[in-house]
Amino acid sequence: MEHLINLRINGEPYEVRIKPNTTLVDFLRDKIGLTGTKKGCDTGQCGACTVLLDGKPINSCLVLAADTNGKEILTVEGLGRDGKLHPLQETFMQEGAVQCGYCTSGMLLSAKALLDENPSPGEEEVKKAIAGNLCRCTGYVRIVKAVLVAARKMGG
Amino acid sequence: MSEYSAIGKAIPRIDALEKITGQAIYGDDLKFPNMLYAKALRSEYAHARILNINIEKAKKLSGVKAVVTGKDTPFLGGEALMDYPFLAIDKVRYVGEAIAAVAAVDEETAEEAIELIEVEYDPLHVLLDPQKAMELGAPLIHEKMHTYQRLAVIKPIENTNICHVLQFLKGDVNHGFDESDFFFEDTFTTQMVQHGAIEPHMAIAQVDPSGKITVWVTNDSPHRLRQDLSSSMGIPLKKLRVISPPYVGGNFGGKGGLKVETLCIPLALKTDHKPVKMVLTREEVFTSSLVRHPGIVTLRTGVKKDGRIWAREAKVIYDTGAYAEKGPTVCHQACVAAVGPYKIPNVKVDGYCVYTNKPIAGAYRGYGIPQVAWAHESQMDIIARQLGIDPVQIRLKNGVEEGDVSPTGQQKLNSVGLKECIKKVAESVDWSRPKEKYRGQGIACAFKNTKTPSGSSAIVIVSQDGTVEVLASTVEIGQGSKTILAQMVAEELGVPVENIIMAIPDTDITPFDASTTSSRSTFHMGNAVKKAAKDAKDQILVIAADMLNADSSDLMIERGLIFSKKNPSKKLTISQVIKNEYKAGLDIIGRNSFYPVADGETGGMWSAPSIFWMYGAHYAEVEVDIETGRVKILKVVGAHDVGKAINPFTCLGQIEGGMVHGIGPALFEEMIIGERGQVENTSFLDYKMPRSLDIPEITSIIVEAHHREGPWGAKGIGEMTVVPMAAAIANAIDDAVGVRIKDLPITPDKILRVLKEKGNP
């Protein structure tokens, strides 16, 4: 028994039939083809699959796609607008916040949710905002810095 | 003032744009038509005979396309010792070992089929303690160990569970003890930890009508994997193609060797050319991929009263779990470094690599050296304290220098930045400041070798518009190899980095490389691409010399423009040169290889002399809460000798990341093994890795002790950055509250226990 849902992903409207047990991460990756959202644990503990659901960061492996009817989803593919990178994407690149890149999408979205709420966060606030996103490569140093620099650039 | 145009520059990584836009493709993103999905049935027993496997019900389930067991895979593989069955044959040796695998139209069906497979076991005695497992008369985990094929350097002891034993001798250690004024004996242990790459392991296998097997796999070494599959399955290399996904989401040693493809290939051989994909669950990564060796290291050390280490004996026992994997060579490499980076006249090292019924241990960032460095650097501070010598001074007094003989005596060392690392770290902090209550400072240093000999080949293709494609099999695992190899080719060829394309490793296309391991890519593949770029450049300059009426030896290329040093006003582009010579179109192809052999006594591959050694020192500053035993790390500093930083930006990123990686196993990471041999904590909730809130203030420092054979003097860095962390933290804790912990991780309860014994609260 499939459900018909209507939702917006990265600003685009979608009307899709899905199985009731499909998680949002599998829906985004397998059905919509947005593979920028990564799967690291499938149990909500690594944060690699973080996307924004109505502006709030969530682990998309813990949410059923069927429950996103009428909602707005933002994934890494929708971060930049009109061919321009989001300031967070720019600073992640310039500050060396990316190594293997597997946590990067989730990190960017957790950071965006923070800056949307709090345009000029302190270092501790940034660390708290990404505390649910595991990274084994960078030691977080440059990720934290990239978020702080982006906040400044965005006028926070 | 830079004399270089591309190397030595802190440019952003060339792969960052793909990664920040979500466009970078990883293994799990690959999807092919008619793809089948695989799941494995895994052993619930740590040691048992398999009496019967019934797969009939699973085969009949609608949507199931193939079911395989050990009967279908009469193969043994493994790099050091060929003991590893693709699927369990006759017995299981650890909880989580694959017994059967299913390929079905989707994952759910494959899972359902797995539930339908029935296995009858006859449980055997379970060995979890390596010291008991290595006793004579212990039940054998591998009854036929003596029949396994192995590398020449590997020495198993027949009728025991010891799969490799080794010894290094220099001077006369007993005589050295007699001549010493002080004697120390301590045993240091390390726990089982895991690599923790955020991307789980995966593979896709497909068999074409000619029988050729193609594998897409998150493996750090496509050519080595092809060779391993060829030798274990008894098929020629031409029947095997290993392709790396464009990106691998973290490795740290965990993605080498035979892994998921050993399940996908047997299934793919039965599915009418349909590709079979398998991605491990996080639980499977914990139980059934790879771990770091739990180690028991005993150091007996004789010291002169002026602080000179005069004799040191090390006994190193590494618990390699159910299969050898790279365990024997991990143990071997660790033993070469077990007495520390010090000038010690009398040395004896005994190493034992031992089977137990636990998850398989193998390569892990540092290749066995974190465990021995934990021991020698902890004991160094015990010695310093007893003799009343400053911990920095005792290391400077004993540390190796340029031209010294290596501690186990095989070779003379070149490019030795040890003391500079120690000094830079001490200078960057207020080392000798007055002590504050419950706060402490600690320092530790270490060195690490690289596997020697090993080879890399590379091809550099210069196209007609000046685009340069580099064919190299180094895998981009997050370390930044794409960026630094492109920088090196750009430097040698005199073109902008933007002109360079790095090919994706594919054994049908990119030439041989031993492995993306052992911190060897900058040095080995760096030299290979540099030499290949020079080959291409020389060909271009010969053509240009004609066009410029000059001698090719007077020509140079800068920013893609060719000119004579004697008449720099007349310039040609690379494109003009190629098009002039080959009007109908052709590429200029440069190629070369690098296969360095270290001077010194050698017993063949993996034996001892290393073509380069990396050196580093770490500092930690901690505050200990004596009520709770909790340790707060306030600050860490790391200085590492990289020979020459090809990209200072990525070097600093490695040092920062490595130090934080090192904090986990020092303070809280530990895989808990239950009585039945099962891993108790198989999630990131129960297995704690450092998170953003755990990180202290971090300073990273680059030291450059030029290596005469390195590309522009460069060596490696990746593994060393975790190595001295645990001991630096332990030494700081001892400085803070006088508590010396010798078994990792340093948990609050261990600290409280010692504080209580000492009569504190």
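Residues are numbered from 1 along each chain as its sequence is written, and chains are lettered from A in the order in which they are written. In this predicted model, local features need pLDDT of at least 70 and side-chain atom pairs count only at pLDDT 80 or more, whereas totals for chains, interfaces and linings use all residues.

**View 1. Contact between chain A and chain B.** In this interface, 41 residues of chain A are in contact with 43 residues of chain B; two residues are in contact if their C-beta atoms, placed from the backbone, lie within 7 Å. The elements of chain A that give two or more residues to its side are α2 (87–94), α3 (104–117), α4 (123–129) and α5 (141–153). Helices (H or I, at least four residues) and strands (E, at least two) are DSSP runs numbered from the N terminus. The largest share of this side, four residues, comes from α2(A). By class, the side of chain A that touches chain B has 18 nonpolar, 16 polar and seven charged residues. Here Ala, Val, Leu, Ile, Met, Phe, Trp, Tyr, Cys and Pro count as nonpolar, Asp, Glu, Lys and Arg as charged, and the others, Gly among them, as polar.

**View 2. Domains 2 and 3 of chain B.** An automatic or database domain assignment gives chain B domain 1 (35–124 + 201–279), domain 2 (295–452 + 600–757) and domain 3 (454–594). The centres of domain 2 and domain 3 of chain B, taken over C-alpha atoms, are separated by 38 Å. Between these two domains, 20 residues of domain 2 are in contact with 16 residues of domain 3. The domain 2 side comprises nine nonpolar, eight polar and three charged residues.

**View 3. The largest nonpolar core.** This core has 304 residues, and B:Ile729 and B:Ile733 have the most contacts inside it. Such a core is a set of buried Ala, Val, Leu, Ile, Met, Phe, Trp, Tyr and Cys residues joined through C-beta atoms within 7 Å. A residue is buried if 20 or more other C-beta atoms lie within 10 Å of its own, exposed if 12 or fewer, and partly exposed in between, with C-beta atoms placed from the backbone. Helix α14 (residues 521–548) of chain B gives the most to the core, with 12 residues. Beyond its neighbours within four places in sequence, B:Ile729 is in contact with residues including B:Gly442, B:Val622 and B:Ile746.

**View 4. Strands β19 and β25 of chain B.** Strand β19 (residues 456–462) and β25(B) pair in the antiparallel sense over seven bridges; pairing requires that DSSP find at least two bridges between the strands. B:Arg591 in β25(B) is the bridge partner of B:Ile459.

**View 5. Backbone features in loops of chain B.** A cis peptide bond with omega of about -5° joins B:Thr452 and B:Pro453, and B:Pro453 lies in the loop between β18 (439–449) and β19. Another cis peptide bond, between B:Leu744 and B:Pro745, has omega of about -5°. B:Ser519, although not a glycine, has a positive phi of about 55°. B:Ser519 is buried because 27 other C-beta atoms lie within 10 Å. B:Asp272 has phi near 50° and counts as exposed, with 11 C-beta neighbours inside 10 Å.
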